Amino acid sequence: MSAFYDALETRTPQEREAALLAALPRQIAHAQQYSSAFAAILQGVDAADITSRAALARLPVTRKHELLERQKSERSRHAFGGFNAIGFGKAMPRMFASPGPIYEPEGSRPDYWRMARAIYAAGFRAGELAHNSFSYHFVPAGSMMESGAQALGATVFPAGTGQTEQQVQAMLDLQPHGYIGTPSFLKIILEKAQSQGQKIASLTKALVSGEACPPSLRDWFASQGVAAYQCYATADLGLIAYETSAREGLVLDEGVIVEIVRPGTGDPVPEGEVGELVVTTLNPDYPLIRFGTGDLSAVLPGNCPTGRTNTRIKGWMGRADQTTKVRGMFVHPGQIAEIVKRFPQVEKARLVVTGAMANDQMSLQVETRELGIGLSEQIADAVREVTKLRAEIVLLRPGELPNDGKVIEDARSYD
């Protein structure tokens, strides 16, 4: 039996990149034609010109709060704010709601969310029974995983959430081969079985998502005979990346184009630097172009030891939206980016907010190769103009700021 879900996983990076970039202008043209939201967002863009990552990086990033705002403003006409390219009916058998609420369509294609690849990498195979404890209510998580497992040829028990004792009893009765759900709920189920003097011996693997699964918890699962693997997916985009047996980061899915940009901007960062994950999906039904996830990550160098050749990321490393309030004024990462753009000699900046309650102080730490007299004063003037606040300017040499994706650090004491 193959170690890979399909041949796409072992393409050369050059073959993969050529295929993705060939599909990109078609997807953009499709979005412009069939999605009223992207017809407006990408107005004036010639899709035929978007054939490289550099060209893609010139397009605007659409972030989740903007999607929500457009959905709310256009709800009387478009349930999805015009981002969808299909309407109600056979092409869209289901729709879901995530907190916000943000509404998401589910198309009729098998494995619509592309989850089968991650489930396969976690060890699930055709002819097995998967116990799915993701929610089937409102949010798409349960359907995402069910459709992926069914695409593999597995049978799914739609357990949903809660009712721990019933979950344990169903597992003891049905002897599922694997669990799909949040890692915390799997731990609760296994501990409940132990408290009853039972062991779910059939359970040997798990695909977990929806929250962090630190190495300590993964090791605990292993001690219970369960090999747990993580995946990173969103209700908007479906699968983005998944863990393999190498346990070295997450491998990107084959159906997305991923960029990592400096928070508050659409500018890609160098490989290895932490930034916000921006994803372009090739899904024709919900063609999100440069969709900002709001999550931080970084690219890992080299290929996965399993033989999969797609890019790897480190996994979830925090949130990119670091907006904070200083002296009653909101300061956004985009404002820091605007300040940086005014000074070509500045490579990177980080605003640090300190002080006790009601005594906020700002310090803008700036990486620059030019430490000449007058630069600090010019930057300080720009900070006041953009944020309406004063800040101390600290000039640093390139590489002195931490590589953690933070543009705004709230280091205030609230004791």
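Visitor: How do the residues of the lining of the second largest pocket divide into nonpolar, polar and charged?
Guide: There are 17 nonpolar, 6 polar and 7 charged residues in that lining. Ala, Val, Leu, Ile, Met, Phe, Trp, Tyr, Cys and Pro count as nonpolar, Asp, Glu, Lys and Arg as charged, and the others, Gly among them, as polar. This is a predicted model: local features need pLDDT of at least 70, side-chain atom pairs count only at pLDDT 80 or more, and totals for chains, interfaces and linings use all residues. Residues are numbered from 1 along each chain as its sequence is written, and side-chain values use heavy atoms, without hydrogens and water.

Visitor: What makes a set of points a pocket, and what makes it a cavity?
Guide: On a 1 Å grid over the protein atoms alone, a pocket is an open set with protein on both sides within 12 Å along at least five of seven lines, whereas a cavity is a set where a 1.4 Å probe fits but cannot get out. Lining residues have an atom within 4 Å of a point. By that test 30 residues line the second largest pocket, with Arg 53, Val 258, Glu 271, Val 299 and Thr 311 nearest its centre.

Visitor: Which strand gives the most to the lining of the second largest pocket?
Guide: Strand 11, with 5 residues; its run is 256-261. Helices (H or I, at least four residues) and strands (E, at least two) are DSSP runs, numbered from the N terminus.

Visitor: What is the volume of the largest pocket?
Guide: About 1,100 Å³, where a volume is the space filled by probe spheres set on the points, joined across faces, edges and corners. Of its 38 lining residues, Ser 209, Gly 210, Glu 211, Cys 231 and Tyr 232 are the closest to the centre. Strand 8 gives the most to this lining, with 5 residues. The second largest pocket holds about 590 Å³.

Visitor: How many cavities of 30 Å³ or more are there?
Guide: The count is 2. The largest cavity has about 60 Å³, and its lining divides into 4 nonpolar, 1 polar and 4 charged residues. Among the residues that line it are Arg 262, Glu 273, Lys 348 and Lys 406. The second largest cavity has about 40 Å³, with Trp 113, Asp 236 and Asn 283 among its lining residues.

Visitor: Why is Arg 350 called buried?
Guide: Its relative accessible area is 4%. Buried means under 20%, exposed over 50% and partly exposed in between (1.4 Å probe, protein chains only), so Arg 350 counts as buried.

Visitor: With which side chain does the side chain of Arg 350 make a polar contact at 2.9 Å?
Guide: With that of Asp 404. A second polar contact, at 3.1 Å, is with the side chain of Glu 409. The term needs a pair of N or O atoms within 3.5 Å; within protein, one must be able to donate a hydrogen and the other to accept it, and residues adjacent in sequence count only if both atoms are side-chain atoms.

Visitor: Which residues of helix 4 are buried?
Guide: Leu 67, Leu 68 and Gln 71. They lie on the same side of helix 4 because they cover an arc of only 100 degrees around the axis, taken from the directions from the helix axis to the C-beta atoms. Strand 1, strand 3 and strand 13 are among what covers them.

Terms used. Contact means heavy atoms within 4.5 Å.
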